[in-house]
Amino acid sequence: VQLQASGGGLVQAGGSLRLSCAASGRPSSYVMGWFRQAPGKEREFVASISRSGGDTSYADSVKGRFTISRNNAKGMVYLQMNSLKPEDTAVYYCAAGPSLATRKNDYDYWGQGTLVTVSS
């Protein structure tokens, strides 16, 4: 499966952004996740969604602010980010894997990343 993330940009604190991930090669066969990596930090889990979209999981730091969703007919996965904070600044990556997981090593395919910058 090939993944292409987009939708990043510069936003003020409190604002919103929606990231998109275009997936080709039977994306409905995979669990999808979003990760992020801030400068000088490890890549960390943000959210994941099951193949059907019926189950989701979020990092505590984004719970209640971010929403992951998918449209299997279009091969798209989204991350709606609201109430953004400066600490959300990072490169965001979409990933595909065989099961709902929070560890980056559990995902087999990765997109190229899209930069989100939140100004204070």
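A salt bridge is a side-chain nitrogen of Lys or Arg within 4 Å of a carboxyl oxygen of Asp or Glu. By that rule, R36, E44, R65 and D88 are linked in a network of salt bridges, and this report works towards that network from the overall form of the chain.

The structure is a predicted model, in which local features need pLDDT of at least 70 and side-chain atom pairs count only at pLDDT 80 or more, while totals for chains, interfaces and linings use all residues. Residues are numbered from 1 along each chain as its sequence is written, and side-chain values use heavy atoms, with hydrogens and water left out.

## The chain as a whole

The chain contains 11 strands and 0 helices, where helices (H or I, at least four residues) and strands (E, at least two) are DSSP runs numbered from the N terminus. Read along the sequence, its pattern is therefore written β-β-β-β-β-β-β-β-β-β-β. The C-alpha trace spans about 40 × 25 × 25 Å along its principal axes. For 120 residues, a compact globule would have a radius of gyration near 14 Å, and the 13 Å of this chain agrees with that; the radius is taken over C-alpha atoms, and the globule rule is 2.2 Å times the number of residues to the power 0.38.

Of the 120 residues, 43% count as buried, a word that here means under 20% relative accessible area, whereas exposed means over 50% and partly exposed in between (1.4 Å probe, protein chains only). The chain exposes about 6,000 Å², of which carbon and sulfur atoms supply 45%; such areas come from the Shrake-Rupley method with a 1.4 Å probe, and for residues only the protein chains shown count as cover. Among contacts (heavy atoms within 4.5 Å) between residues at least 6 apart in sequence, 56% join residues at least 24 apart.

## Charges and salt bridges

The chain has 13 positive and 8 negative side chains, and the centres of the two sets lie 6 Å apart. In this count Lys and Arg are positive and Asp and Glu negative, with His and the chain ends not counted, and the place of a charge is NZ of Lys, CZ of Arg, CG of Asp or CD of Glu. Side chains of opposite charge can pair when their charged atoms come close. The structure holds 6 salt bridges, including those in the table.

| Salt bridge | N to O distance |
|---|---|
| E44 and R36 | 2.7 Å |
| E42 and K104 | 3.7 Å |
| D88 and R65 | 2.8 Å |

E42 is exposed at 61%, and K104 is partly exposed at 33%.

The side chains of D88 and R65 meet in a salt bridge as well. This pair links distant parts of the chain, with D88 in the loop between β8 (76–81) and β9 and R65 in the loop between β6 (56–58) and β7 (66–71), 23 residues apart. Both D88 and R65 are buried, and both belong to the network that also links R36 and E44.

## Single residues

W34 is found in strand β4, where it is buried, with a relative accessible area of 0%. W34 and I68 are 34 residues apart in sequence, yet their C-alpha atoms lie 8.3 Å apart in space. L100, in the loop between β9 and β10, is partly exposed, with a relative accessible area of 40%. Not counting residues up to four places away in sequence, L100 touches V31, S48, I49, S50 and D55, while L100 and N71, 29 residues apart in sequence, are 17 Å apart from C-alpha to C-alpha.

Most residues other than glycine have a negative phi, and most peptide bonds are trans. R26, in the loop between β3 (17–24) and β4, has a positive phi near 60° and counts as exposed at 67% relative accessibility. S83, in the loop between β8 and β9, has a positive phi near 50° and is partly exposed, with a relative accessible area of 41%.
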